[in-house]
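Subject: Structure handover

Hello,

Here is the structure you asked for, with the sequence. My notes on what turned up follow below.

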2 protein chains.
Amino acid sequence: MANPMNTDQFRVAAKAAVDEIANYYDNISDHRVVADVEPGYLRPLLPASAPLDPEPWESIQADIQSKILPGITHWQSPGFMAFFPCSGSYPAAIAEMYSNAFNGAHFNWICSPAVTELETIVMDWLAQALGLPECFLSGGPTHGGGVLHGSASEAILTVMVAARDKYLNEATAHLPEGEEKEEETWRLRSKLVALGSAGAHSSTKKAAQVLGVRFDTVPVSEENGFSMTGEALAKKLDQLKAKGLEPFYLTATLGTTDVCAVDDFASIAKALAPRAGKPGEVWVHVDAAYAGAALLLDENKPLAKPMAEFHSFNYNPHKWMLTTFDCSAVWVRARGHLINALSIKPPYLRNQYSDNELVTDYRDWQIPLGRRFRSLKLWFVLRSYGIRGLQAHIRNGVTLGESLEAKLATRPDLLTIFTKARFGLVSFRATGDSEEQINSRTEKLYEAIIASGLFYLTSTVVNGHFAIRVCTGTAAVREEHVQKLFDLLVETVEGQLKLE
Amino acid sequence: MANPMNTDQFRVAAKAAVDEIANYYDNISDHRVVADVEPGYLRPLLPASAPLDPEPWESIQADIQSKILPGITHWQSPGFMAFFPCSGSYPAAIAEMYSNAFNGAHFNWICSPAVTELETIVMDWLAQALGLPECFLSGGPTHGGGVLHGSASEAILTVMVAARDKYLNEATAHLPEGEEKEEETWRLRSKLVALGSAGAHSSTKKAAQVLGVRFDTVPVSEENGFSMTGEALAKKLDQLKAKGLEPFYLTATLGTTDVCAVDDFASIAKALAPRAGKPGEVWVHVDAAYAGAALLLDENKPLAKPMAEFHSFNYNPHKWMLTTFDCSAVWVRARGHLINALSIKPPYLRNQYSDNELVTDYRDWQIPLGRRFRSLKLWFVLRSYGIRGLQAHIRNGVTLGESLEAKLATRPDLLTIFTKARFGLVSFRATGDSEEQINSRTEKLYEAIIASGLFYLTSTVVNGHFAIRVCTGTAAVREEHVQKLFDLLVETVEGQLKLE
């Protein structure tokens with residue numbers, strides 16, 4: 001069998017790739033942040049079909065520079081302040097090399113015990129580092145534990161499935177097995193409602209679409225800083241119950257996508273307290289996809305405490321915690337609910353370790369069967385930075401957000417802070433005489449900054465207000481970049497005003 | 001901010017990792033195939049929590065050898081003939097290095113145009129190389145196209161959601177928007193049935209659990225080689241319809257997990273023909289997760305033709321096609337059904353390219369929002385091997401399966417072929433006087449081979465028959481390994497018979 005690359009050729013080619021990647025990072029600021037290509041740019045550059053015969057490695061590797069790089073948006077650039085960051089690091093990159101070397105589907109323990117066991121250990125480490133309550137530890141009193149998924153969307157879908165099955169099982173537990181129970185289960189299914197605040201990420205709505213259950217939102221207001229409150233939740237629950245509907249699941253958010261709002265966990269827990277722990281309780285999942293990493297800082301630890309009242313929690317180390325995409329950490333307080341909802345044991349997956357319940361089979365904690373060895377990069381990152389190193393990195397993002405806010409506050413004639421810096425996210429708008437003028441000026445400002453190629457920011461619309469979001473969590477961002485952005489914002493608005 | 005590794009240190013550490021990985025592959029046969037550790041082996045070797053301060057890189061990297069490697073099951077070893085292979089290659093490994101370097105969440109086109117555009121192009125290349133019908137090409141007449149998911153489970157869940165929403169929309173299209181339509185939709189939801197053959201992979205049942213719809217199986221028989229037939233399907237559909245249920249989705253399989261059976265596509269299409277293309281039609285998804293790669297061979301191309309009658313198709317290049325986990329290719333004949341079911345457009349994800357429908361946003365073709373740059377490894381593999389090189393690799397697996405079958409046939413006194421070699425998968429049993437004795441001897445044989453540490457095989461139970469599966473698709477397997485396995489099987493059975 002023809003092998004295009006033997007081990008010695010791999011050593012040479014992979015080391016050349018290491019150098020090319022290192023050069024890319026050393027010179028990342030030379031690129032426009034957002035790729036400057038037209039839709040369809042790549043097709044004319046490639047043949048219409050795959051080659052019949054092998055191509056030389058040199059021409060394949062050369063195409064990275066000539067054909068791929070022009071179409072890359074540089075998420076690691078210090079000018080990338082859009083969305084939330086997707087941060088990598090050299091230790092994570094090397095871990096990924098090893099993870100790919102130990103290439104396998106790792107769906108149960110025996111498929112590579114190290115993959116399962118390291119994941120359990122590192123998820124316990126991480127829960128402790130964030131100050132999450134004991135119920136989320138693998139050895140905790142409620143038989144909880146953590147698992148790594150690919151994305152928060154997957155995490156939310158997975159816990160929503162567990163929440164639904166728990167709800168239906170509990171609500172029909174009083175009926176004997178049989179037709180009546182089945183009919184009641186189908187009746188209840190048609191009444192289920194999954195909830196999120198109006199600021200919850202779209203993944204909750206998408207998960208509800210996948211499950212085929214209703215989705216409804218709990219309103220949030222500017223006065224409450226766009227946080228969901230227990231009062232608003234209670235009102236929504238009453239409305240739904242009055243219509244004969246069955247709210248079974250809620251996504252609460254620690255750091256919404258729009259403005260990094262933190263829901264009012266204490267009042268939410270209080271609103272749900274009458275039914276908590278009883279059949280018919282609402283499963284509360286806390287989505288901290290981005291801002292969860294900020295729980296590493298001591299001053300944010302109090303935010304982790306109320307999690308003891310809730311059922312599951314996720315955050316993405318691939319966002320702000322340097323572990324390279326994809327790596328989404330999810331914890332549940334009772335793993336049995338996941339396993340009950342998702343476990344299937346065909347004969348070809350059986351083995352003595354799993355059958356005797358000696359081991360964890362993470363395939364029963366997730367949608368896919370196969371699993372990547374994601375815990376390795378988390379382990380490398382935690383050890384190479386240490387908790388203090390990670391705290392310093394998170395602090396950098398937080399401080400730079402505050403720095404930008406302070407700068408914006410010096411030019412109230414041009415710019416208004418829309419939501420104050422929190423977890424490295426600030427949002428602001430241009431000034432103007434009317435809401436319409438403000439929206440229009442802000443949108444123009446946003447488009448001009450993107451067109452400059454120097455920074456990538458995100459726009460959003462919250463309760464009708466067009467606002468620009470800046471997130472300073474990308475690892476390469478320093479004070480000089482924040483200053484440069486601020487100068488560009490001022491210069492651009494001033495230029496726009498002159499033309500009006 | 002403290003950075004544990006600067007670019008120069010990365011160059012050194014990453015190149016050292018390249019050498020360690022190359023050495024691992026050069027000496028992979030020195031390891032027992034299946035990890036020989038006890039459950040819980042790792043926890044005592046690690047501290048109880050993450051370190052506060054950075055650890056030196058040398059001690060982190062050294063732990064790969066001392067702590068991780070003992071817990072690895074070696075999927076790339078020539079002794080790995082269990083499950084289906086999970087095959088990697090050096091070109092794919094280097095592609096993954098670049099993919100991680102361009103680290104980002106890439107959920108829409110502008111997030112890195114190269115990620116989206118290369119995927120569309122390579123999926124067209126791959127569809128052509130497999131001989132899939134035109135309807136699955138991105139520029140085809142039915143507006144189809146391909147997308148890369150992480151796993152076949154995810155692919156099947158995703159198309160099942162699309163199938164459900166298509167079915168419900170069509171079945172209620174005659175009703176005006178309003179309460180009546182809504183009630184009819186909920187009534188139908190409670191009647192939906194997803195189907196697979198008794199040999200379909202467990203992921204179809206799991207997807208039905210996630211959606212909260214019924215799952216039922218179409219029986220298969222030994223006489224038909226465990227293939228699902230149109231006749232059996234028609235009978236099942238009639239039974240379900242008679243109960244007032246609504247079958248809306250079917251997984252047909254090209255290469256079942258147990259025995260690599262191929263469903264009878266022609267008779268399935270015929271059984272469904274009366275409703276095909278009309279409201280109420282059953283969405284047929286063809287799961288070729290492993291054996292789909294065999295369509296690269298010209299003699300298997302006829303198997304691809306009937307796909308023109310079906311709605312979607314998936315296979316995993318990470319299984320038999322050397323692209324390193326994870327990489328699951330899915331094609332649909334009409335992408336609109338995916339997008340209708342899964343698209344959500346919050347303000348923070350809007351941009352001019354997407355709004356003007358100039359580009360593909362693959363986030364609407366899948367469950368997660370974020371996406372890895374998976375097409376890069378597929379591109380590298382297709383170009384570095386060329387179609388002919390990949391054919392030679394697939395042919396190797398097929399031929400070695402036939403070789404094992406021929407060897408087994410020389411010892412009918414000891415071993416019986418259960419299912420003949422197909423796509424590199426053979427299954428067999430020990431001989432015996434009764435079904436009970438055969439099952440018991442086969443199970444003992446299986447356990448002895450696993451215990452040897454020389455080979456990893458899978459056992460299964462099909463219609464009550466315990467059988468051993470051997471899959472020769474792993475890239476490193478050669479004739480010498482098949483001979484060694486056969487010799488070990490013979491020696492082991494002979495030894496067992498002596499002890500009886």
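Contact here means heavy atoms within 4.5 Å. Please keep in mind that this is a predicted model.

By that rule, B:Arg383 is in contact with A:Pro51, A:Asp53, A:Pro54, A:Glu55, A:Ser59, A:Ile60, A:Asp63 and B:Trp125, leaving aside its neighbours within four places in sequence. The residue belongs to helix H13 of chain B, which covers residues 375-409. B:Arg383 has a relative accessible area of 4%, so it is buried, the cut-off for that being under 20%. B:Arg383 also lies over the face of B:Trp379, 4.6 Å from the ring centre. In chain A, the charged end of A:Arg189 sits over the ring of A:Trp186, at 4.9 Å from the ring's centre.

On the interface as a whole: 152 residues of chain A are in contact with 152 residues of chain B. The size of an interface is often given as the accessible area lost when the parts come together. For chain B and chain A the buried area is about 13700 Å², and carbon and sulfur atoms give 65% of it. The rule for salt bridges finds 16 of them across this interface. A salt bridge joins A:Arg43 to B:Asp124, where the closest N and O atoms are 2.9 Å apart.

Next, the aromatic residues. Over all chains, the count comes to 48 aromatic pairs. B:Tyr24 and B:Tyr25 form an edge-to-face pair, with 5.2 Å from centre to centre and 70 degrees between the planes. B:Tyr24 counts as buried because its relative accessibility is 8%. B:Tyr25 has 23% relative accessibility and therefore counts as partly exposed.

Last, the annotated lysine. An unreviewed UniProt entry places the feature "modified residue: N6-(pyridoxal phosphate)lysine" at A:Lys319. In the model, A:Lys319 lies in helix H10 of chain A, residues 317-320. Is A:Lys319 buried or exposed? Its relative accessibility is 18%, so A:Lys319 counts as buried. Not counting residues up to four places away in sequence, A:Lys319 touches A:Phe84, A:Pro85, A:Cys86, A:Ser87, A:Ala289 and A:Tyr290.

Regards

Terms used
Residues are numbered from 1 along each chain as its sequence is written. Chains are lettered from A and ligands numbered from 1 in the order in which they are written. This is a predicted model: local features need pLDDT of at least 70, side-chain atom pairs count only at pLDDT 80 or more; totals for chains, interfaces and linings use all residues. Side-chain values use heavy atoms; hydrogens and water are left out. UniProt positions are given in the numbering used here, feature names are shortened, and annotations may be inferred rather than shown by experiment. Helices (H or I, at least four residues) and strands (E, at least two) are DSSP runs, numbered from the N terminus. Buried means under 20% relative accessible area, exposed over 50%, partly exposed in between (1.4 Å probe, protein chains only). Rings of Phe, Tyr and Trp (its six-membered ring) pair if their centres lie within 6.5 Å; planes under 30 degrees apart count as stacked, over 60 as edge-to-face and the rest as tilted. A charge sits over a ring if NZ of Lys or CZ of Arg is within 6 Å of the ring centre and within 35 degrees of the ring normal. Buried area is the accessible area (1.4 Å probe) that two parts lose on being put together, summed over both. A salt bridge is a side-chain nitrogen of Lys or Arg within 4 Å of a carboxyl oxygen of Asp or Glu.
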